[in-house]
Amino acid sequence: MQTNSKPTLAVALIVKNESQNLDACLRTVADWVDEIVVLDSGSTDDTEAVARQYTEKFHINTDWPGFGPQRRIAQEFVESDFVLWLDADERVTDELKVSIQGAVTKNEARTLYSICRLSWVFGRYIRHCGWYPDRVVRLYPTNLTQYNTAQVHEKVSIDTSMVVKNLSGDAIHYTYNDLEHYLKKSNSYALAWSADKAKQGKKGRFSSIITHALSCFIKMYILKAGFLDGKQGLLLSMLSTHYTIVKYSDLWIRTSTKKHNLHNYQNQDTK
């Protein structure tokens with residue numbers, strides 16, 4: 001016998017060493033979602049203790065497969081009709097909450113929803129640089145789809161039969177604590193990106209390092225009006241250019257340079 005009960009909603013997160021962020025994140029959703037699923041990849045801080053204040057559905061997978069595959073594993077633990085993905089450094093605003101609840105209640109067929117993230121970086125909300133509106137698909141029926149298998153910069157898999165609608169309201173994104181946090185995070189992403197591309201057979205070219213770096217700065221600071229974000233906009237544009245240099249340099253080194261061996265040394269010595 002069919003019922004007209006409201007669809008259920010889960011929040012899902014993949015985390016590691018997020019004890020400083022996790023409580024503030026989960027407090028913005030705990031009182032209006034039906035389920036919270038947290039998949040940890042091997043935290044050494046109090047992440048588990050914080051998570052268990054909000055949910056019993058805390059799981060661990062320390063055999064890190066990459067961001068996309070880890071999200072796919074986490075989704076296997078979701079029992080609700082809809083899943084909303086959050087990162088621990090994100091906070092759901094009241095306007096976004098209402099929009100999410102409306103979408104779940106309406107429950108349109110084969111429809112996914114994007115949320116807009118507003119990032120707080122180095123003491124300022126970044127509203128330009130191509131960072132806002134930063135729309136990402138984060139809400140969808142659990143049985144409809146899942147994330148792809150990308151190691152980094154993973155995305156929800158969407159086919160032509162699906163519709164993506166935009167939700168109103170922002171998720172506040174506290175993306176970096178300080179410069180050290182930025183450098184660690186961006187370098188890990190850059191190296192994961194280049195490893196993924198090399199695995200796919202993409203070859204790196206030295207010229208690409210220069211062209212992509214120049215393009216990144218021009219696009220962010222000039223075309224995307226990063227100069228309107230003041231000093232933070234300039235700094236972020238320069239740091240993003242550095243990130244671009246790192247990832248394309250690593251791809252070139254991985255795929256287009258010779259590995260050192262004694263034979264190479266001896267051949268050079270006789271020239």
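Predicted model: local features only at pLDDT ≥ 70, side-chain atom pairs only at ≥ 80, totals over all residues.
The chain comprises 8 helices and 9 strands, and its C-alpha trace extends over about 85 × 45 × 40 Å along the principal axes. Of its 271 residues, 45% count as buried. Among the contacts in the chain with a separation of 6 or more, 74% are accounted for by residues 24 or more positions apart.

Two packed helices are described by the angle between their axes and the distance between the axes. For helix H6, which covers residues 206-223, and helix H7, which covers residues 230-256, the axes lie 8 Å apart and the packing angle is about 160°. Because angles over 145 degrees count as roughly antiparallel, H6 and H7 are assigned to that class, being roughly antiparallel to each other. The crossing of H6 and H7 is right-handed. On the H6 side, the contact is formed by Phe206, Ser208, Ile209, His212, Ala213, Cys216, Phe217, Met220 and Tyr221, while the residues that H7 contributes include Gly233, Leu234, Leu236, Met238, Thr241, Ile245, Tyr248 and Trp252. Divided by class, the contact of H6 with H7 holds 13 nonpolar and 8 polar residues, with no charged residues.

Helix H7 also packs with helix H5, which spans residues 179-199; the axes of H5 and H7 come within 9 Å and cross at roughly 35°. The crossing of H5 and H7 is likewise right-handed. In the contact of H5 with H7, 14 residues are nonpolar, 6 are polar and 4 are charged, whereas the contact of H6 with H7 has no charged residues.

With regard to the cysteines, a disulfide requires a pair of cysteine sulfur atoms within 2.5 Å, and by this rule the count comes to 0 disulfides. For Cys116, the closest cysteine sulfur is that of Cys129, at 15 Å, which is too far for a bond. Cys129 is likewise in no disulfide, and the cysteine sulfur nearest to that of Cys129 belongs to Cys216, 9.7 Å away. Cys216 is also one of the H6 residues that meet H7.

Technical notes
Residues numbered from 1 in each chain as written. Heavy atoms only, no water. Axes fitted to C-alpha atoms, helices over the stretch in contact; angles between N-to-C directions. Helix = DSSP H or I, 4+ residues; strand = E, 2+ residues; numbered from the N terminus. Parallel < 35°, antiparallel > 145°, perpendicular 65-115°, else oblique. Left-handed = near helix turned anticlockwise from the far one by under 90°. Contact = heavy atoms within 4.5 Å. Nonpolar A, V, L, I, M, F, W, Y, C, P; charged D, E, K, R; others polar. Buried < 20%, exposed > 50% of the residue type's maximum accessible area, 1.4 Å probe, protein only.
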